[in-house]
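Colleague: I am new to this model and would like a close look at a single part of it. Please begin with one residue and then follow its surroundings.

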Amino acid sequence: MTGKADFTESEWQIVLEGPPTAGMIVVTAQRGGTFRETIAIAKTYVEARKHHGESELLDEIVSAKPEIDRTRYHSADELKEHGLGHLRDAVELLERTATPEELDDYKRFVLNVADKVANAHREGEESVSADERAAIEAIAANLGTAAP
């Protein structure tokens with residue numbers, strides 16, 4: 001079982017920031033709904049806590065408050081570029097440290113956060129806009145998996 005103790009403090013921070021970063025990439029992909037979409041990130045963590053015991057790694061990730069420094073990036077494009085790189089870094093760390101099942105759980109959780117954010121606010125006639133869908137596809141590609 002992989003947990004926080006298996007990482008340095010800076011490595012653990014990279015792993016922790018992955019899911020909310022994916023959420024923020026989707027939030028900034030389309031104008032409107034920011035409040036609901038941001039709340040969706042927190043709700044996804046609450047839902048994941050209900051599955052406590054299924055994965056030590058995810059238990060430790062969702063026990064922490066989802067945080068992202070919104071002031072670190074000056075534009076949505078900068079957030080997306082750095083955020084996708086951040087997700088790649090998290091996956092590389094987990095590939096070296098976690099079991100394949102834990103890595104898959106992490107990827108699923110990150111994509112679940114992105115999907116919940118995209119579905120939190122209707123974009124006109126669509127529940128998920130083309131820009132949000134493209135953001136989720138980019139997130140999936142950088143995780144090394146297929147989009148849901």
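What is the relative accessibility of lysine 116, and is the residue buried, partly exposed or exposed?

Modeller: Lysine 116 has a relative accessibility of 32% and counts as partly exposed, where buried means under 20% relative accessible area, exposed over 50% and partly exposed in between, with a 1.4 Å probe and protein chains only. This is a predicted model, in which local features need pLDDT of at least 70, side-chain atom pairs count only at pLDDT 80 or more, and totals for chains, interfaces and linings use all residues. Residues are numbered from 1 along each chain as its sequence is written, and side-chain values use heavy atoms, with hydrogens and water left out.

The side chain of lysine 116 meets that of glutamate 47 in a salt bridge, 3.6 Å from N to O; the term requires a side-chain nitrogen of Lys or Arg within 4 Å of a carboxyl oxygen of Asp or Glu. This pair links distant parts of the chain, since glutamate 47 belongs to helix α2 (residues 34-49) and lysine 116 to helix α5 (residues 100-118), 69 residues apart. Helices here are DSSP runs of H or I, at least four residues, numbered from the N terminus. Glutamate 47 is also partly exposed, at 34% relative accessibility.

By this rule the count comes to two salt bridges. The other partners, arginine 108 and aspartate 105, meet at 2.5 Å, N to O. Both lie in helix α5, three residues apart, about one turn of the helix. An α-helix has 3.6 residues a turn, so residues three or four places apart point the same way. Arginine 108 is exposed, with a relative accessible area of 52%.

Ala22, Ile25 and Val26 in α1 meet Glu132, Ala135, Ile136 and Ile139 in α6. By class, this contact has six nonpolar, no polar and one charged residues, with Ala, Val, Leu, Ile, Met, Phe, Trp, Tyr, Cys and Pro counted as nonpolar, Asp, Glu, Lys and Arg as charged, and the others, Gly among them, as polar.

Technical notes
Helix = DSSP H or I, 4+ residues; strand = E, 2+ residues; numbered from the N terminus. Contact = heavy atoms within 4.5 Å.
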